Amino acid sequence: MTQKTMHTSDFRPLDVQAIREDFPIFAETPPLAFLDSAASTQTPRPVVEAMDAYYDTYRSNIHRGIYRISEEATDQYEKARQKVARLINAPRTSEVIFTRNTTESINLVAYSWGSLHIQQGDEIVLTDLEHHSNLVPWQMLAQRTGASLRYLEITDRGLLDFTQLQDVLTEKTKLVAITHVSNVLGTINPIQSVIDAAHAAGAKVIVDAAQSVPHFHVDVQQLDCDFLAFSGHKMCGPTGVGVLYGKMELLDDMPPFLGGGSMIRSVERDISTYADVPAKFEAGTPSIAEAIGLGAAVDYITQAGLASIHVHEQELTKYAHERLQEIESITMYGPAPHQKAGVISFDIEGIHPHDVAGILDTHNVAIRAGHHCAQPLMKKLDVIATARASFYLYNTIEDVDRLCEGLQKAQTLMIRRNK
Amino acid sequence: MNIYQEELLDHYENPSNYGTLPNPDISHEEDNPLCGDRIRMDLLIEDDIIKEVRFCGHGCTISLAAASMLTEKIKGKTLTEVKNITREDIMDMVGIPLGPVRVKCALLALKVLKAGAYGIKGWPGEEEQ
Ligand SMILES: Cc1ncc(COP(=O)(O)O)c(C=O)c1O
C-alpha cells in the first residue's frame with residue numbers, strides 16, 4: 001500500500017465487454033451511452049440479486065428478532081459493514097456508519113460533532129470546489145454558532161491554490177471540509193497535504209469522497225482523515241444508503257444525531273443512555289436491503305479492481321479530451337486529463353448546455369447539464385451552467401465517439417442557425 | 001417527436017418582441033434556479049390591456065422560444081385574460097412533449113409574467129404547493 005491513489009500491484013485491464021453484460025440497461029442496440037455516472041451509476045445484476053435474496057428469502061428487521069431469518073439479515077447487514085470497512089481500510093469495522101447518502105453523512109458530522117466543537121469565532125475552511133452538500137451544512141452550522149467560513153480558492157486551471165493554505169489555516173480553524181474529487185471539474189485534490197497541514201494547525205478534516213471512493217483506492221488510515229463520507233448510488237450500489245467513516249475517538253464523544261429505536265441502551269421517562277458506535281448513529285430501521293446491496297457493490301468493484309477502473313477511466317478521459325478538442329468553439333473546464341478523474345465539464349459557444357444535453361438525448365447519449373449542485377463554483381468559472389460527461393467502469397471508447405458525433409450534430413443544428 | 005423542431009428553433013433564432021421598453025408599467029425578472037436561465041419581461045399597460053411587451057434574457061431553446069411565443073400570445077389581451085393562462089396553455093403553445101426539467105424551462109416566461117403582473121409566486125400550475 002505504497003501508492004497514494006491506486007494499487008498498481010492489482011492492476012489488470014478491465015474486461016469492459018464482460019462487465020457490460022452484468023448491466024441489463026446496456027442490452028439494447030444501439031446501447032445507451034450513459035455518461036452521467038458522477039450523478040448516479042448503473043446497477044450490475046449481482047447487486048440487484050443480493051437485494052432480491054434479502055427480500056425473497058430472509059427479509060426481516062435486524063438487531064431484534066430471535067428467529068433465524070432475522071439473524072441472517074443482521075449477519076448480512078453487518079457483513080456489508082465489514083466489506084465497506086475493508087474497502088477504505090478503516091481500522092475498525094464499527095467506525096463505519098450507514099447513512100442515507102453523502103449529504104446525510106456530512107449533516108451528521110455538522111450537527112453532532114459541530115454542536116460539541118464549533119463555537120462563535122471559530123473558522124471552518126472549505127474550498128471553491130465543494131458540492132452544496134459539503135457547503136450548506138457548514139453554512140447552517142456557522143449560522144447556528146456564530147462561526148465563520150473561509151475558502152481555499154482555485155487557480156484558473158481548477159486546481160487548489162496551495163499558496164493560500166497557510167493564510168487560510170489559522171489557530172481559529174477547527175475544521176477543514178474538502179472534496180476529494182470535484183464533481184464538476186474532476187480535479188483530484190491532493191488531500192493528503194491538506195490533511196497534514198490542517199492537523200498541524202490543530203484542525204480536524206472531513207473528506208467528501210463521493211467522487212473518489214467509487215473510482216480509486218482510498219485508504220483512511222494512510223490519509224489520516226478524521227471523517228470521510230460517500231454514497232452507495234455512485235459506486236454501483238443502490239440509492240438510499242451512504243457511509244460515514246469517523247475515527248472512533250471522535251465518534252465516541254459525539255452526541256447522537258437522530259434519536260429513536262436502535263440507538264439506545266436503555267430508556268427511562270426523562271433520560272436515556274445511548275448505544276455504542278455505530279448503533280448510536282443509526283436510529284430507526286436502516287436501509288437494510290440497500291446496505292446489503294452496497295456490500296455486493298463493494299465486492300463488484302473490488303473484483304473488477306479499483307486500480308483497473310482508475311486506469312480505464314483515465315484512458316477514456318484522455319481520449320475524450322483529444323476528441324472533444326476537435327469540436328469547434330468548445331471550452332473545457334478544469335485541469336489536464338492526468339490531474340483529474342473521469343469528469344469533463346464543457347461548454348459549446350452559442351449552444352445552451354440544456355440544449356446540448358437535450359440534443360444528445362435524442363441520440364441516446366445521456367449527459368448532465370446544469371450547475372451540478374455547485375453554484376459558487378459556477379460563479380467562479382463565470383458560467384451559468386455547463387454540460388458534463390463522466391465515466392465509469394462500463395463506459396467505452398464508442399460511448400465517447402457517440403458523444404462527439406452527437407455534439408457535431410448539435411452544432412450543425414444550432415450554430416448554423418445562429419448566424 | 002424531436003424537441004428540436006423547426007418552429008421552436010425559429011423562435012429561438014428570431015425571437016419576437018425581444019428587448020426592453022423605456023418606461024414600462026411593469027418590469028420583472030426571475031431565474032430558474034435549476035439551471036440559471038434568466039428572463040425579464042417589460043409590459044406597457046393601457047386600460048387594463050397589454051399594449052406593448054418585450055422580453056430579454058438568456059436561456060436554452062425551450063425557455064427563450066416559449067418566452068417569444070408567450071409575448072405574441074399576450075399582446076392586446078387584458079390583464080385578466082393573461083392571469084388565466086395556465087401551465088397547460090403553455091404546453092399546448094410549445095406543442096411538443098417535455099420532461100419535467102424542461103417543463104420548467106418552458107414555464108419560466110409565464111412565471112416571470114405572473115410574478116410581475118400579479119405577484120403570484122411559484123411555478124405556474126403548482127402555486128398552491
Ligand atoms: C462531490 C459530491 N459530494 C456530495 C454529493 C452528494 O451526494 P448525495 O446526493 O448522494 O448525498 C455528490 C453527488 O452529486 C457529489 O458529487
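This is a predicted model: local features need pLDDT of at least 70, side-chain atom pairs count only at pLDDT 80 or more; totals for chains, interfaces and linings use all residues.
Leaving aside residues up to four places away in sequence, A:Met235 touches A:Thr41, A:Leu87, A:Val213, A:Pro214, A:Phe230, A:Leu294, A:Ala297, A:Val298, A:Ile301 and A:Tyr392.

A:Met235 belongs to the largest nonpolar core, which has 80 residues. Which members touch the most others? Those are A:Ile88, A:Phe98, A:Val213, A:Leu228, A:Phe230, A:Met235 and A:Leu393. Helix α10 of chain A, residues 288–304, supplies the largest share of this core, with 11 residues. And where does the core sit? Both domain 1 (2–36 + 305–418) and domain 2 (47–302) of chain A give residues to the core, so it lies between them.

There is also a second, separate core, this one of 66 residues, and its members include A:Leu360 and A:Ala369 along with B:Tyr4 and B:Leu70.

Back to the two domains, then. Taken over C-alpha atoms, the centres of domain 1 and domain 2 of chain A are 27 Å apart. Their contact draws 36 residues from domain 1 and 33 residues from domain 2.

Last stop, the surface. Here A:Tyr111, A:Val136 and A:Met140 make up a nonpolar patch, and together they have about 220 Å² of accessible area. A:Met140 is part of helix α5 of chain A, residues 136–145. Is A:Met140 buried, exposed or partly exposed? Its relative accessibility is 34%, so A:Met140 counts as partly exposed.

Key. Residues are numbered from 1 along each chain as its sequence is written. Chains are lettered from A and ligands numbered from 1 in the order in which they are written. Side-chain values use heavy atoms; hydrogens and water are left out. A nonpolar core is a set of buried Ala, Val, Leu, Ile, Met, Phe, Trp, Tyr and Cys residues joined through side-chain atoms within 4.5 Å. Buried means under 20% relative accessible area, exposed over 50%, partly exposed in between (1.4 Å probe, protein chains only). Helices (H or I, at least four residues) and strands (E, at least two) are DSSP runs, numbered from the N terminus. Domain bounds come from an automatic or database domain assignment. Contact means heavy atoms within 4.5 Å. Patches are made of residues with over 30% relative accessible area and no salt bridge: like charges are joined within 9 Å, nonpolar side chains (Val, Leu, Ile, Met, Phe, Trp, Tyr) within 5 Å. Accessible areas come from the Shrake-Rupley method with a 1.4 Å probe; for residues, only the protein chains shown count as cover. A salt bridge is a side-chain nitrogen of Lys or Arg within 4 Å of a carboxyl oxygen of Asp or Glu.
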